Each structure stands twice: as structure tokens, then as C-alpha cells.
Amino acid sequence: MDVERLNATKNEILAELHKDVFLTPKGMIKFVQLFVVICAFAMTTSASGTTDLLINGSTVLKYDVKASLTTKYPFQKYAWSHNFGTTEIEKTHEFTGRMFKDGFQSESQFYVFVGVISFLYTLAVIVSYAFYKKFEKMSDSFGTYFTKIDLGGTVILTFLWFLSATLWSAGFSALRNDLDQPSDLVSLVTEIRTAANDTTICANHYGCLTSDSWSKLYGSVVFGYLCIFLYGVNCWYCFKDTEWHAEPEKLVGGVLQIRTESAGPTDMQDVNLEVGGDTATIQPGAI
């Protein structure tokens, strides 16, 4: 009995699902947005950067000098360590909680914030699309207000993505420059050169320094600009569903409703195109 009741409930939910909207560009683009948004903020929060220094031992240094500088999201602090000046090769001097001169916390956190609210908003809109028929039965004005809210929310998110992606792109560029040749490691190289009395150590534009490829952060910036494009394009599809468009149209319950002109500009009628199987019937109805 419980199984039958569960199946009946499942069938009722499936019957209320508004699946047709996800076959339209407006519906399909939401899933693309969801995927790109997740990639954008997930790549940012999981990224880290490391710059390593290695100077091979000589008659003066006696052993290989190693140093490493690391940072991670939100890229406000960094830690670094080195073994120069120690009596044991395994021993290192460690420095943690150092602050960047130009912190990148605000740019990265604002970027992630926009990503998170975009994810939540897009997910909520997908649920609203799926149960559009049910919500419309509950409120006659749902369709009118929802299309305007969807348009407004998409426009706001487009602007926020433009702002956050631009700021994070500039912040990431500055962060990468800071970590390609960190001032702490450059100072350490100068100290080693003085101690060894050898200016050729780590020459060739500090060739002894190696940095990460920054693939994740490059990817996050690319996905951020892709979000600008996706949400910008979606503004047009959302606008077409509002009453402000010259020929508003909406797909509700398998019925494509298109407003057309009849005898004159003030004589309007709704044409409902019901799609079922391989047939289509047109049902005009005066407003």
C-alpha cells in the first residue's frame, strides 16, 4: 500500500513538472549557467600558489639552499620557509601569517560571493521553471511577476559578474606578479649572494625561482567572463517573456502562447499552439 501511494505521489509530481521549458533556449541556458558558475567559484576557492627556490650547493654554501612560499584563497596571507643559515640541511626557518602588501582578499571574496548567489538564484529559477504550472495555479499573477523578477535578477547578475570578473582578473594579475618573484625570496637571494660573495648565484632573471602554472585561477577568470556572456544572453530570453516585449510569448503546459495583431494595432488575440505528438493545433482566442 505504501509503495502504491509512493508511486502515485511520484506520478503526481512528474505530471506537474513543466518539462517543456527546458527544451527552449531560455531553459537550457540555465543548466549551462549552473555548471559554469560552479566551476568559476570552485576553482577560485580551491586554488593555491607556490613559488620555490633552489640553489645548488657549492664550496661556500656546502649544501643545497631551498625555500618555498605558498598562499591560498582568499590570498590575503602567505607563508614561506628556507634552510639558509642553518647548521642542519633538514632544518628550516619558517615564517607564517605574512600579509601581502596589496591584499587580494576583497577581489577574490567578492568574486566567490557573486558565484554563490548566482548559483542559488539559478537553482531557484530552475525549480520555478519546473513547477511553473503548479505555481501559476496557486496565483493568477505569478506568471506576470515571475517573468519581471527573472529579468531583473538576470540583469543584476550580469552586472555583478562584469564587475567581479573585471576586479578579480586585475587582482589575479597582480597576485601572479607578486608570486613570480616574491620580495622575500629575492631578499634571500641577495643575502646568499653576499654571504657567498658570488653575484652569479640565481642569475638570469632569478632563474632559480619556479612558480605554479596557476591553471585553476586562469580557469576561474575565463569562467567568470563566460558567465558575463551567458547571463547577458539570457537577459534577452527573459525580456521576451515579459509584457514589455512587442510580441510576448511563453511556453506554459506544453502550450506556446504568442500574442499577434489581428485587424489593427488595438485588436489583439492570443494564438495558442498546442504541441502533442507529431500534431499541432492552433486555437485563437480573443483577449
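Helix H2, residues 25-45, and helix H8, residues 215-240, have axes that come within 8 Å of each other and cross at roughly 155°. An angle over 145 degrees counts as roughly antiparallel, so H2 is roughly antiparallel to H8. The crossing of H2 past H8 is left-handed. Sorted by class, the residues of this contact are 16 nonpolar, 6 polar and 3 charged. The model is a predicted one.

Ser 118 belongs to helix H3, which spans residues 105-130. The relative accessibility of Ser 118 is 0%. Buried means under 20% relative accessible area, and Ser 118 therefore counts as buried. A polar atom of the Ser 118 side chain lies 2.7 Å from the backbone oxygen of Val 114. This separation falls under the polar-contact cut-off, which is 3.5 Å for a pair of N or O atoms. Beyond the neighbours within four places in sequence, Ser 118 is in contact with Val 37, Leu 157, Trp 161 and Tyr 231. Val 37 falls within the residue range of H2, and Tyr 231 within that of H8.

The loop between strand E2, residues 65-72, and strand E3, residues 77-82, holds Pro 74. The peptide bond that leads from Tyr 73 into Pro 74 is cis. Its omega is near 10°. Phe 75 is found in this loop between E2 and E3 as well. Phi of Phe 75 is near 60°. That value is positive, in a residue other than glycine.

Asn 197 is found in the loop between helix H6, residues 183-196, and helix H7, residues 203-206. The relative accessible area of Asn 197 is 72%. Exposed means over 50%, so Asn 197 is exposed.

Notes. Residues are numbered from 1 along each chain as its sequence is written. This is a predicted model: local features need pLDDT of at least 70, side-chain atom pairs count only at pLDDT 80 or more; totals for chains, interfaces and linings use all residues. Side-chain values use heavy atoms; hydrogens and water are left out. Helices (H or I, at least four residues) and strands (E, at least two) are DSSP runs, numbered from the N terminus. Buried means under 20% relative accessible area, exposed over 50%, partly exposed in between (1.4 Å probe, protein chains only). A polar contact is a pair of N or O atoms within 3.5 Å; within protein, one must be able to donate a hydrogen and the other to accept it, and residues adjacent in sequence count only if both atoms are side-chain atoms. Contact means heavy atoms within 4.5 Å. Axes are lines fitted to C-alpha atoms, for helices over the stretch in contact, and angles run from 0 to 180 degrees between N-to-C directions. Angles under 35 degrees count as roughly parallel, over 145 as roughly antiparallel, 65 to 115 as roughly perpendicular and the rest as oblique. A crossing is left-handed if the near helix is turned anticlockwise from the far one by less than a right angle, and right-handed if clockwise. Ala, Val, Leu, Ile, Met, Phe, Trp, Tyr, Cys and Pro count as nonpolar, Asp, Glu, Lys and Arg as charged, and the others, Gly among them, as polar.
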